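Thanks for coming, everyone. Please take a look at the sequence and the model on the screen.

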Amino acid sequence: MNRLMIRNIGQLLTLRGASGRPKTGSSLSDLGIIENGCVAIEGETIAAVGTEQEVWHRLCQRWGERLSDKADVMDAGGRVVMPGMVDPHTHLVFAGTREYELEMRLQGATYLEILQAGGGILATTRKTRQATEEELLRQASSRLDRFLQYGVTTVEAKSGYGLDWKHEWKQLRVARRLHETHPVDVVSTFMGAHVVPEEYRNDPDRYVDIVVDEMIPQVADKGLAEFCDVFCEKDVFSLEQSRRVLEAGKRHGLMPKIHADEMEAMGGAELAADLGAISADHLLRVSDRGICRLAETGVIAVLLPGTAFYLMAPFARARDMIEAGVAVALSTDCNPGSSPTMSMPMILNLACLHMRMTPAEAISAATINAAHAIGRGWQIGSLEEGKQADLVLLDAPHYAFLQYHFGINLIDTVIKKGRVVVKNGQLVRR
Ligand SMILES: [Zn+2]
């Protein structure tokens with residue numbers, strides 16, 4: 001069995017103690033740092049975490065004497081080791097790009113105006129429907145490579161560019177194949193209710209019927225997704241339509257997630273609280289009442305500052321949410337229209353500089369809380385004995401370098417399930 005010991009870690013960010021429930025309030029700032037730390041890995045699992053002495057002691061009991069003969073040893077050179085980051089909200093599988101919309105937006109067109117004119121999500125839907133499964137796989141796989149180079153070891157991926165069963169199914173199949181073949185783990189969400197397709201423009205309720213009565217049962221039947229999501233937004237899906245979709249998902253065992261209060265305060269956060277959703281995402285315009293309801297019900301707020309940045313919109317009120325006791329997570333929202341990025345470090349920069357999160361809070365939000373936002377807090381997001389060995393070595397002596405620098409990549413090494421998959425910032429070819 002593969003055994004690896006990483007020693008001489010200047011700052012080991014364990015994020016320990018929150019596998020059962022996400023971090024809130026002041027605990028977001030506690031990264032569980034061990035100075036001069038050491039991590040031992042056996043197979044795909046973390047075997048021991050602690051100071052070098054503690055780990056040696058622990059492993060002597062398990063592996064016997066002369067440890068260095070029994071494990072590969074990596075010297076971290078006094079740098080930072082942290083959990084692999086988790087991205088809990090992406091639209092990973094799509095075809096085509098929309099760089100031309102940037103110029104339209106710079107000339108004053110809004111995101112919703114572009115969408116109403118048949119662009120935006122609908123443009124990506126046309127391209128995604130035309131693409132073959134292999135083409136989608138190839139494009140999404142190269143995006144996952146990029147995620148990995150930026151220190152992300154698990155991503156959630158939504159469907160929602162097919163908007164009919166045949167093509168939604170194709171997207172979900174691609175996500176599953178990526179999960180099986182790519183080092184990054186891919187967790188699937190069904191999002192047939194991403195936008196009303198052009199063919200149902202005059203009868204959106206009919207499209208909701210199809211999502212509820214035909215698509216959701218098939219997704220559940222084939223075990224293609226764990227979560228069900230909806231774009232609850234003015235001129236997209238109403239509160240009532242969103243409720244129908246998410247309740248149908250719930251009846252079929254798909255946990256609700258929701259794109260809530262992004263461009264208008266619609267009461268999406270309150271709906272998430274009513275339904276016991278695992279997360280409410282975006283929340284740029286969430287009401288005070290919505291924040292209170294999220295805190296009361298333990299719905300995780302997944303914040304996507306890349307989208308606010310790229311749409312030149314006001315940022316979500318992360319400080320108010322943290323003070324109210326909401327569990328906050330961070331994500332790229334990787335998609336071709338409103339956040340074309342795979343860089344979680346950039347998201348951490350934006351979280352600090354535009355939402356006033358501290359560097360430590362941002363790291364908790366991008367690791368253990370992000371893991372909880374996709375139901376994986378027990379398995380990933382922290383470095384603790386028995387958890388999956390997903391970790392990152394930064395080319396930095398202090399974790400705050402991740403937010404202090406911007407536009408450069410400080411990820412030196414990525415280990416996924418105990419295997420080195422990025423070395424010196426470069427992918428290790430499989
Ligand atoms: Zn989204």
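Both histidine 89 and aspartate 333 are buried, meaning under 20% relative accessible area with a 1.4 Å probe and protein chains only; exposed is over 50%, and partly exposed lies in between. Keep in mind that this is a predicted model: local features need pLDDT of at least 70, side-chain atom pairs count only at pLDDT 80 or more, and totals for chains, interfaces and linings use all residues. Residues are numbered from 1 along each chain as its sequence is written, and side-chain values use heavy atoms, without hydrogens and water.

Now, which residues hold the zinc ion? The protein donors are His89 (NE2), His91 (NE2), His259 (NE2) and Asp333 (OD), at 2.1 to 2.6 Å. A donor is an N, O or S atom within 2.8 Å of the metal (3.2 Å for Na, K and Ca); water is not among the atoms, so sites may look incomplete. Along the sequence, the spacing reads H-x1-H-x167-H-x73-D. Histidine 89 sits in the loop between β6 (85-87) and α3 (99-106), and aspartate 333 in the loop between β13 (328-330) and α14 (344-355), so this pair ties together parts 244 residues apart in sequence. Helices (H or I, at least four residues) and strands (E, at least two) are DSSP runs, numbered from the N terminus.

Next, backbone angles. Most residues other than glycine have a negative phi. Histidine 282, in strand β11 (residues 279-282), has a positive phi of about 85°. Histidine 282 counts as buried because its relative accessibility is 2%. Methionine 312 also has a positive phi, near 55°. Its place is the loop between α12 (305-310) and α13 (318-324). At 55% relative accessibility, methionine 312 counts as exposed.
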